[in-house]
Amino acid sequence: MQSRTVAVVDRTANIQVAAHELVAARFSFSGTSPYAPDYIFVNEFVKRDFLQAVVGECAKLSGGLATNGSDEKALEVSKVDNRVTALRNSDPNARVVLQEKRMAVVDLIARDRSVLAKKSEAPVMVVHAIRSLDHVIDLVGGTAEEPALAAFHFSNPASGKYLSQFIDARVSFVNHVSREILVGPAFPAGHGIDPEVRYPGDLFALQRPAFINASTSSVLIGDALSSSSNATASKLCAEATAPLAAMKRSPGGGVGFFEQGFLMNAGLLLTTTISVTSISIYWLTRQRRALW
Amino acid sequence: MDDTFSQIRAAAIDGRAINIFYRQKQLEQLCNALIKRSPEIREAIAADYGHSPTEIAVELHSALQSVKRDYESLRPDEEHKREYLIAAGKDARSVKKLAGIVYVQPCTHTLFYSVIVPLSAAIAAGNCVIVLVSNTQPLVTDDRILTKSLSWRTTCGTYRPFYGKSSHLRWTGTLSPSPKTLLKTRPYYTQPSS
């Protein structure tokens, strides 16, 4: 079973860009790409703007979608219908924002989290509101055990860093959807992902290195093993047990919380006392001179 | 089918595809055949998938650029030098042995791309390739075009198409080049992985 592809739209995202990219990702090539986002998690504060932008982008797109023979169209329409019906069955509160013959946008409320685990090939965009970055990280992590196939994050770079670090996905893209990956199958698992090269040559070849020159450490060890004298052994041990050159770290910490309070109060008290005392001494001295 | 499989095994054991000039020639012929047939391919994709003309063009472009890039990665002079590193007294850290036989099971999304790109990458690495192209999908036109492009060579057993038992295509995103199993046992294609 293929893992799902997720997308996150944060409050700090550029909504137009996010809508444009995600509509392209979901509905290009009839929405069958494994990298088309299965679930789009949108921050509740920007969800309405995002859905409006998506509807606008879909309108632009359906102008450009080609018409073709009736067989394929019927198959596609049934795929869309089946998926929308399945979503509505699993979540009665789901709201269908847009449903056309070849695309649909559904707003999922999903009290039951397991709805979000399923992967689908139909060109249906499923949107789910989230409360915060931590909420979506918990949601994605809690609904599947294997890493997501890909994740698209739309936010400012700092949040993008946080999301890409903690949402486990084989490849993450921040603020854009790499169009090259929408063509063709998913990248081979377990190998590095370079969007420009789908199948690197290393995939089909086995490493068979051959060495003709002995490395320096090999020479050293060979000498040591063949000499069998105490001097070599003790030299090696001395080198091994030389102290570690530890990196100097700053002590950190700084002034503690309670120490700060103490020092501030002490400072205030002392300043007040000293200034009052000195002024009163000065004043008394003057008065005493006057009294005498 | 048995005959074809044993021919492929023979080709793999011979190491026919290791020769870099042979690989170059194969890729040249593949590329030229695809270029020659590209109008038919585009029509077939349009008929089977209903993608827009730009999407078809993108798929064609990505696939052919991939083939051309694999072709350009074949450099006979460097390959020769790499082969003779040990003879020249230098360490050969990055010498590779090819996998032998690569079995490609494409996915239904953008079938053309998912057949051509791993095929050319595997050939460029010097392997013999078995491509599973099923008859029972509703993509017969595409298959015929593909097999026509691939079977221009009749002399070498590596590209003869065979129509085996029907097995409906399941999606796999990964390839499974397991050379040992394929060379030792009868290489019937395995159940589609789910």
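**Helices of chain B, and a sheet of chain A**

Modeller: In chain B, 80% of the contacts with a separation of 6 or more are between residues 24 or more positions apart, where a contact means heavy atoms within 4.5 Å. This is a predicted model, in which local features need pLDDT of at least 70, side-chain atom pairs count only at pLDDT 80 or more, and totals for chains, interfaces and linings use all residues. Residues are numbered from 1 along each chain as its sequence is written, chains are lettered from A and ligands numbered from 1 in the order in which they are written, and side-chain values use heavy atoms, with hydrogens and water left out.

Chain B has eight helices and three strands, these being DSSP runs numbered from the N terminus (H or I of at least four residues for helices, E of at least two for strands). Along the sequence, their pattern reads α-α-α-α-α-β-β-α-β-α-α. Of the 194 residues in chain B, 51% are buried, a word that here stands for under 20% relative accessible area, with exposed meaning over 50% and partly exposed in between (1.4 Å probe, protein chains only).

Two packed helices are described by the angle between their axes and the distance between the axes. For helix 2 (residues 20–36) of chain B and helix 3 (residues 38–49) of chain B, the angle is about 65 degrees and the axes are 4 Å apart; axes are lines fitted to C-alpha atoms, for helices over the stretch in contact, and angles run from 0 to 180 degrees between N-to-C directions. Helix 2 and helix 3 of chain B are therefore roughly perpendicular to each other, since angles of 65 to 115 degrees are given that name, while those under 35 count as roughly parallel, those over 145 as roughly antiparallel and the rest as oblique. Helix 2 of chain B contributes B:Leu34, B:Ile35 and B:Lys36 to the contact, and helix 3 of chain B contributes B:Ser38, B:Pro39 and B:Ile41. These residues divide into four nonpolar, one polar and one charged (Ala, Val, Leu, Ile, Met, Phe, Trp, Tyr, Cys and Pro are nonpolar, Asp, Glu, Lys and Arg charged, and the others, Gly among them, polar).

Further along, B:Pro53 belongs to helix 4 (residues 53–72) of chain B and is exposed, with a relative accessible area of 60%. Its C-alpha atom is separated by 9.6 Å from that of B:Glu43, ten residues apart along the chain.

By contrast, strand 1 (residues 5–9) and strand 6 (residues 150–154) of chain A run parallel, joined by five bridges, and A:Val9 has A:Phe154 as its bridge partner in strand 6.

Terms used: Pairing = 2+ DSSP bridges.
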